[in-house]
Amino acid sequence: ILLLRTWTDLVSATYVPPLGLMYLASTIREHNKSYEVKIFDLNVKKQHIHQRIDDIKAFDPDVIGVTSMSYEANTNHRMAAYLKEELSGVKIVIGGPYPSASPLRCVRDPNIDFAVLGEGEDTFTELLDRIFAGGTDYRDIKGISFRYQDEPIQTQHREYRFDLDSLPFPAWDLIEMEEYFKVHRFHYIHVEKRYMPIYTSRACPYQCTYCHDIFGKTFRARSPQNVMDEIKTLNSRYGIREFQFFDDIFNIRTDRALAVMDLIINSGLKVYLSFPNGLRGDIM
């Protein structure tokens, strides 16, 4: 299974580790230890797909999972066509904000076999099991779109996972971590060269029309101790001293936010925190 993030020069981009793919990878490995998983992030090195095709062919994936923002849609449709030409029999699965917003448009493209909608961990692992078992009917798998009898369909919505502590930590070992310290990050203001993004929670109850809806509108959080365990692991194993909190809304529950801060203070670790994404100023 190859998990792939593309690169497009359409926007002035920043480059951050692909947390979504990293969570997928660690979940897949925990789910079935016989599955071999790799992550190729073309974005961090500004590579087009043809520049990595020899590496992809050498890995010879059965399934390629592609994450896509909406502005990357056309690039990823072209990439899917190219991969289908180069790799016989490969299944192309697309996930992320683009298919979650436009599921039927995605799978009208004959080069895209499936779209995974919303949170991907449980849906993608179930889909992989069915693909590798030689399944031909996928209508009972919640949270996907695909073509059934040549028509795009969308299955029933999958329930969100509430026990976020049950997720394994992201697969940091599958990315070229040092590459992310050399390029512009999501938060331009920073103290440390070595940093890593973290999701401590998912979803936001506010109804901002421009925002993605991958995680839904019901706030779900990891326990403060689980967050602290991830910070300690990143600090001790990789020397990370700055952490970017990528939550949709970290401070919706003040008691939990303070509990996370207290654990960090009491740990004695000399680390820095930044919030380039999810803080509400009006409830600070």
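What follows is a short chat about how some labels on this predicted model are reached.

Visitor: How do you know that the length of helix 1 agrees with its number of residues?

Guide: Helix 1 runs over residues 19-31, and at 1.5 Å a residue its 13 residues should span 18 Å. The end C-alpha atoms are 18 Å apart, so the two agree. Its buried residues include Leu 19, Met 22, Tyr 23 and Ile 28.

Visitor: What is helix 1's part in the largest nonpolar core?

Guide: That core has 81 residues, and Leu 3, Leu 4, Ile 64, Leu 83, Phe 124 and Leu 127 have the most contacts inside it. Helix 1 gives the most to this core, with seven residues. As for Leu 127, leaving aside neighbours within four places in sequence, its contacts are Val 93, Phe 114, Val 116, Tyr 138 and Ile 141.

Visitor: Why is the pair of Tyr 35 and Phe 132 called tilted?

Guide: There are 12 aromatic pairs in the whole structure. In this one the ring centres are 5.1 Å apart and the planes are at 40°. Stacked needs planes under 30 degrees apart and edge-to-face needs over 60, so a pair at 40° is tilted. The pair links distant parts of the chain: Tyr 35 is in the loop between helix 1 and strand 2, and Phe 132 is in helix 6, 97 residues apart.

Visitor: What makes the charged end of Arg 52 count as sitting over the ring of Phe 40?

Guide: Its distance from the ring centre is 4.3 Å, and the limit is 6 Å, along with an angle within 35 degrees of the ring normal. The charged end of Arg 202 likewise sits over the ring of Tyr 23, 5.5 Å from its centre.

Visitor: How do you know that Gln 149 is exposed?

Guide: Gln 149 has 65% relative accessibility, and exposed means over 50%, so Gln 149 counts as exposed. Gln 149 is in the loop between strand 6 and strand 7, with a positive phi of about 55° although it is not a glycine. Most residues other than glycine have a negative phi. Asp 150, in that loop too, has a positive phi near 70°.

Definitions and conventions
Residues are numbered from 1 along each chain as its sequence is written. This is a predicted model: local features need pLDDT of at least 70, side-chain atom pairs count only at pLDDT 80 or more; totals for chains, interfaces and linings use all residues. Side-chain values use heavy atoms; hydrogens and water are left out. Helices (H or I, at least four residues) and strands (E, at least two) are DSSP runs, numbered from the N terminus. The expected span of a helix is 1.5 Å times one less than its number of residues. Buried means under 20% relative accessible area, exposed over 50%, partly exposed in between (1.4 Å probe, protein chains only). A nonpolar core is a set of buried Ala, Val, Leu, Ile, Met, Phe, Trp, Tyr and Cys residues joined through side-chain atoms within 4.5 Å. Contact means heavy atoms within 4.5 Å. Rings of Phe, Tyr and Trp (its six-membered ring) pair if their centres lie within 6.5 Å; planes under 30 degrees apart count as stacked, over 60 as edge-to-face and the rest as tilted.
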